[in-house]
Amino acid sequence: MENLDLEKLKYPIGKFITPTTYSKEYLFSQIEEISLFPEKLKQETIHLSAGQLDTPYRPGGWTVRQVIHHCAESHMNCFIRIKWALTENNPVIKAYDEVLWSELPDNLKMPIEPTLSLLEGLHFRLAFIMKNLSETELEKSFIHPENNFEIKIKQMIATYAWHGKHHLAHITTLKKHKNWK
C-alpha cells in the first residue's frame, strides 16, 4: 500500500486543524456533533458481526472494536480534563498511553454494547456542560504534559467533535471498502 493511501486511511477526514476563531455558532455546531456522535456510532456498528468488529480499519490499525472502546476512553478523559480546567487553575493533566490501553483485554474482547451505552451517557453530560459554559469558562485551560501545551476548553470542543468524526470515518470507510451494510 502506498504512503498516500495509508495516510488517507489514517485520516479519512483529514488531520485536525485548530480553528483561528471560535464563534458561538461554530461552538454550537461542534457541541451538536459531540451530542450526535454516540447515536451515529451505534447506527454504524451495532449490527456488525464479531468478525467484522475484529477487522482492522487499516493495515496495522485498530479493529473496529478497539476504535469504539478507544472513543469511550478518550472522551472520558476529555470530560475529566474539562472538569479539572473548570475547577483548578490551569492544571497539568495526566496523559495516558492510548496504544497500551487499546491492547488491554476489554478493548480486544469486550462486547461493544456497554461501551455504546457509556458513550450515550457521557456525551449527554459533555454536551450539557459544554452548552452551559460562559465566555470566561470557554477560555479556561489545562496543560498537557506530553508537549507542555496549554489547551483551552473551547479547543477541546473543536478537537473532540473532530475526534468523533475521525473515528466514525474509519469505520464507515472500512464498511464501504468491504461492502458491509
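Reader: What are the ground rules here, numbering and pLDDT included?
Author: Residues are numbered from 1 along each chain as its sequence is written, and side-chain values use heavy atoms, with hydrogens and water left out. The model is predicted, so to speak of local features requires pLDDT of at least 70, side-chain atom pairs count only at pLDDT 80 or more, and totals for chains, interfaces and linings use all residues.

Reader: How do the axes of H4 and H7 cross?
Author: Helix H4 (residues 64-87) and helix H7 (residues 113-131) have axes that come within 10 Å and cross at roughly 30°. Helices (H or I, at least four residues) and strands (E, at least two) are DSSP runs, numbered from the N terminus. Axes are lines fitted to C-alpha atoms, for helices over the stretch in contact, and angles run from 0 to 180 degrees between N-to-C directions.

Reader: Are H4 and H7 parallel or antiparallel?
Author: H4 and H7 are therefore roughly parallel to each other. Angles under 35 degrees count as roughly parallel, over 145 as roughly antiparallel, 65 to 115 as roughly perpendicular and the rest as oblique.

Reader: And which residues of H4 and H7 make the contact?
Author: Among them are Ile68, Ala72, Phe79 and Leu86 of H4, and Leu119, Leu122, Leu126 and Ile129 of H7. Contact means heavy atoms within 4.5 Å. The contact of H4 with H7 divides into 15 nonpolar, four polar and two charged residues. Ala, Val, Leu, Ile, Met, Phe, Trp, Tyr, Cys and Pro count as nonpolar, Asp, Glu, Lys and Arg as charged, and the others, Gly among them, as polar.

Reader: At what angle do H4 and H9 pack?
Author: The angle between H4 and H9 is about 175°, and their axes are 11 Å apart. H4 and H9 are therefore roughly antiparallel to each other. The residues that meet include Val67, Cys71 and Ile82 in H4, and Met156, Tyr160 and Ile171 in H9. By class, this contact has 13 nonpolar, six polar and one charged.

Reader: What about H2 against H7?
Author: The axes of H2 and H7 come within 7 Å, crossing at roughly 170°. That makes H2 roughly antiparallel to H7. Ile34, Phe37 and Leu41 are among the H2 residues in the contact, with Leu119, His123 and Met130 among those of H7.

Reader: Changing topic, what volume does the largest pocket have?
Author: The volume of the largest pocket is about 1100 Å³. On a 1 Å grid over the protein atoms alone, a pocket is an open set of points where a 1.4 Å probe fits, with protein on both sides within 12 Å along at least five of seven lines; lining residues have an atom within 4 Å of a point. Grid points are joined across faces, edges and corners, and a volume is the space filled by probe spheres set on the points.

Reader: Which residues are closest to its centre?
Author: Glu98, Thr159, Tyr160, Trp162 and His163 are the closest, of 33 lining residues. H9 gives the most to this lining, with nine residues.

Reader: And the second largest pocket, which helix gives the most to its lining?
Author: H2 gives the most, with four residues. The second largest pocket has a volume of about 270 Å³.
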